[in-house]
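Take a look at the protein shown here.

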Amino acid sequence: MIRTGSSTAHCHPTTAFQDAALMSGFFLRYQLTRSVFRAQDLTAHIDVLMEERMKVGFLLVCILLSLAIGCSPVVKPTQSSPQSNQPKAQLSPDKSERGTPAEAQAMLQKAVEHYQSAARQQALADFTGKKPPFGDRDLYVFCLDLNGSTLTAHGAFPQYVGKSVDVWKDADGRPLGKAIQDAASKSEDGSIRYRMINPISGKIEPKISFWRKLAEDVCAVGAYNPE
């Protein structure tokens, strides 16, 4: 019992306990409410971060695609050549891929006639340029200067024209021009056998060349791999 002035107040333990419990309940609910608000704020913050991250990722993807498209080579559709649909020229059934010794002799005769009818320099230029009919498969005309020591025409190796015959050798290293000049000093015509690179096949093959002595030159036509 507590005395205050003239009145007396009674303090019951049960009432005090109920008040404490009520205060604790208010405090607990307050704490739970704050926790809920904090959780909601955190969730909202995480959602914002995820949204921003997705925006950045989408932007990066767009940038990479733009770079890839900009750096990719533009492939133009290939157009077939207007000649691709045309049939390729074929050899006649009675004409092989190689010239024969008989065909070499026939070409030499035409070369002799052209040399005699046209100017010398014109004929030699035609032989080197393989002007028809002085170039057929692996058949061609070559000429040597009788009064000097140079090659004056060559249908297969034009780079030899004007060079010394000493540099013109067969596949075995023998001086071919010198051998023809020596033979021409003893006869008007003849033939010579040797091995030489075939300009068509790129292989070293046996060859027979038929030559004829003309005014200032010795001209010849040879057939590779004669049988």
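Is glutamate 205 buried or exposed? Glutamate 205 is buried, with a relative accessible area of 7%. Buried means under 20% relative accessible area, exposed means over 50%, and partly exposed lies in between (1.4 Å probe, protein chains only).

This is a predicted model, in which local features need pLDDT of at least 70 and side-chain atom pairs count only at pLDDT 80 or more, while totals for chains, interfaces and linings use all residues. Residues are numbered from 1 along each chain as its sequence is written, and side-chain values use heavy atoms, with hydrogens and water left out.

**The whole protein**

- The protein has four helices and eight strands. Helices (H or I, at least four residues) and strands (E, at least two) are DSSP runs, numbered from the N terminus.
- Along the sequence, the pattern reads β-β-α-α-α-β-β-β-α-β-β-β.
- The protein has 227 residues, and 25% of them count as buried.
- Take the contacts in the protein with a separation of 6 or more: 53% of them come from residues 24 or more positions apart. Contact means heavy atoms within 4.5 Å.

- Glutamate 205 sits in strand β7.
- Its side chain joins that of arginine 98 in a polar contact of 2.7 Å. A polar contact is a pair of N or O atoms within 3.5 Å; within protein, one must be able to donate a hydrogen and the other to accept it, and residues adjacent in sequence count only if both atoms are side-chain atoms.
- Leaving aside neighbours within four places in sequence, glutamate 205 is in contact with several residues, including Arg98, Tyr194, Asn198 and Tyr224.
- Aspartate 138 lies in the loop between β3 and β4. At 1% relative accessibility, aspartate 138 is buried.
- The side chains of aspartate 138 and asparagine 198 make a polar contact (3.5 Å).
- With neighbours within four places in sequence left aside, the contacts of aspartate 138 include Arg98, Asn198 and Tyr224.

**The strands around β7**

- Strand β6 (residues 189-197) runs antiparallel to β7, and nine bridges join them. Two strands pair if DSSP finds at least two bridges between them.
- Tyrosine 194 has lysine 207 in β7 as its bridge partner.
- The hairpin of β6 and β7 has six residues between the strands, and glycine 202 there takes a positive phi near 75°.
- β7 and β8 are also antiparallel, joined by seven bridges. Three residues lie between them in their hairpin.
- Alanine 223 in β8 stands opposite isoleucine 208.

**Helix α2**

- The buried residues of α2 are Ala104, Met107, Leu108, Ala111, Val112, His114 and Tyr115. They cover an arc of only 165° around the axis, so they lie on the same side of α2. The arc is that of the directions from the helix axis to the C-beta atoms.
- On the other side of α2, Ala102, Gln116 and Ser117 are exposed.
- What covers the buried residues of α2 includes α3 (120-128), β4 (139-145), β7 (204-213) and β8 (217-224).
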